[in-house]
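User: I am new to this structure and would like to go through it step by step. Could you show it to me before I ask about its parts?

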Amino acid sequence: MLSSVLSREDCAKCRFCCSFRRQSLWETPLFDGQTAERLAELYPGAAFKPREGAFTIDIDGCYATDDPEEEALCPFNRGGCVLGAEDKPFDCSIWPLRVMPVNGHNAICLTPTCPVISAKPLSVMKELADGIIGDRILEYAAAHPEMVKPYREGFPVLREETDV
Ligand code: SF4
Ligand code: SF4
């Protein structure tokens, strides 16, 4: 999460993140193979499955019903995320931003589901994406294409890679 625009207090009141509706499983965070293997050994109960060149948490068996709105917790959320900065997935580090392909290039997009960010003017997030944080996000995504997820309708585009 981007601490420059989100406070711990905001998130403690909301707690939307770190659990996934069955219909939102495309959003589960991605890990490289070595990290996934190491974390699976360190945290019994945390399972992974491959996804398009990377690995993601396998929580398919954590749902009790077929309700698409039912949520299942990330196995690393144990009263808060237990992962240190070195293991924190790219997705989680840049939340509520996302890198997705737009017009054939990587773009920084905004997740529309965070209530705190949605209450801010879009210009605040655009300024963030246009700054050095956005530069670093796009650089990382260019070097790790397996961490880029397909574009989703309804995600505002804040910055395209062609702007670099
Ligand atoms: S949705 Fe937004 S406010 Fe809620 S926990 Fe996630 S980052 Fe925090
Ligand atoms: S890895 Fe940590 S920050 Fe990311 S979804 Fe899981 S608990 Fe949340």
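User: What percentage of the residues of the chain count as buried?
Analyst: This is a predicted model, and the answer rests on relative accessible area, where a residue under 20% counts as buried. Taken over the 164 residues of the chain, the share that counts as buried is 38%.

User: Which radius of gyration does the chain have, and what would a compact globule have?
Analyst: Along its principal axes, the C-alpha trace spans about 40 × 35 × 30 Å. A compact globule with 164 residues would have a radius of gyration near 15 Å, and the value for the chain agrees with this, being 16 Å.

User: How many helices and strands does the chain have, and what pattern does the chain follow?
Analyst: The chain is made up of helices and strands, with six of the former and eight of the latter. Read along the sequence, they follow the pattern α-β-β-α-β-β-β-α-β-β-α-α-α-β.

User: Which elements give two or more residues to the shell around ligand 1?
Analyst: The residues that surround ligand 1 include Cys11, Cys14, Cys17 and Cys114, together with Arg15, Phe16 and Trp95. By class, this shell has nine nonpolar residues, no polar ones and one charged residue. The elements that contribute two or more residues to the shell are α1 (8-14) and α4 (115-118).

User: How do the residues of the shell around ligand 2 divide by class?
Analyst: Ligand 2 is surrounded by residues including Cys18, Cys74, Cys81 and Cys92, and Phe20, Phe76 and Asn77 are also among them. By class, the residues of this shell divide into eight nonpolar, one polar and no charged.

User: Which residues form one aromatic cluster?
Analyst: The structure holds six aromatic pairs. Phe76, which is also among the residues surrounding ligand 2, belongs to a cluster whose members are Phe31, Tyr43, Phe48 and Phe76.

User: Why is the pair of tryptophan 26 and phenylalanine 155 edge-to-face, and how many residues apart in sequence are the parts that the pair ties together?
Analyst: The ring centres of tryptophan 26 and phenylalanine 155 are 5.8 Å apart and their planes stand at 70°, so the pair is edge-to-face. Phenylalanine 155 counts as buried because its relative accessibility is 7%. Tryptophan 26 lies in the loop between β1 (19-21) and β2 (30-31), while phenylalanine 155 lies in the loop between α6 (132-143) and β8 (157-160), so the pair ties together parts whose separation in sequence is 129 residues.

User: What percentage of contacts between residues at least 6 apart in sequence join residues at least 24 apart?
Analyst: A contact here means heavy atoms within 4.5 Å. Among contacts in the chain between residues at least 6 apart in sequence, the share joining residues at least 24 apart is 69%.

Technical notes:
Residues numbered from 1 in each chain as written. Chains lettered and ligands numbered in written order. Predicted model: local features only at pLDDT ≥ 70, side-chain atom pairs only at ≥ 80, totals over all residues. Heavy atoms only, no water. Near = heavy atom within 4 Å. Helix = DSSP H or I, 4+ residues; strand = E, 2+ residues; numbered from the N terminus. Nonpolar A, V, L, I, M, F, W, Y, C, P; charged D, E, K, R; others polar. Rg over C-alpha atoms; globule rule 2.2 N^0.38 Å. Buried < 20%, exposed > 50% of the residue type's maximum accessible area, 1.4 Å probe, protein only. Phe/Tyr/Trp six-rings, centres within 6.5 Å; stacked < 30°, edge-to-face > 60°.
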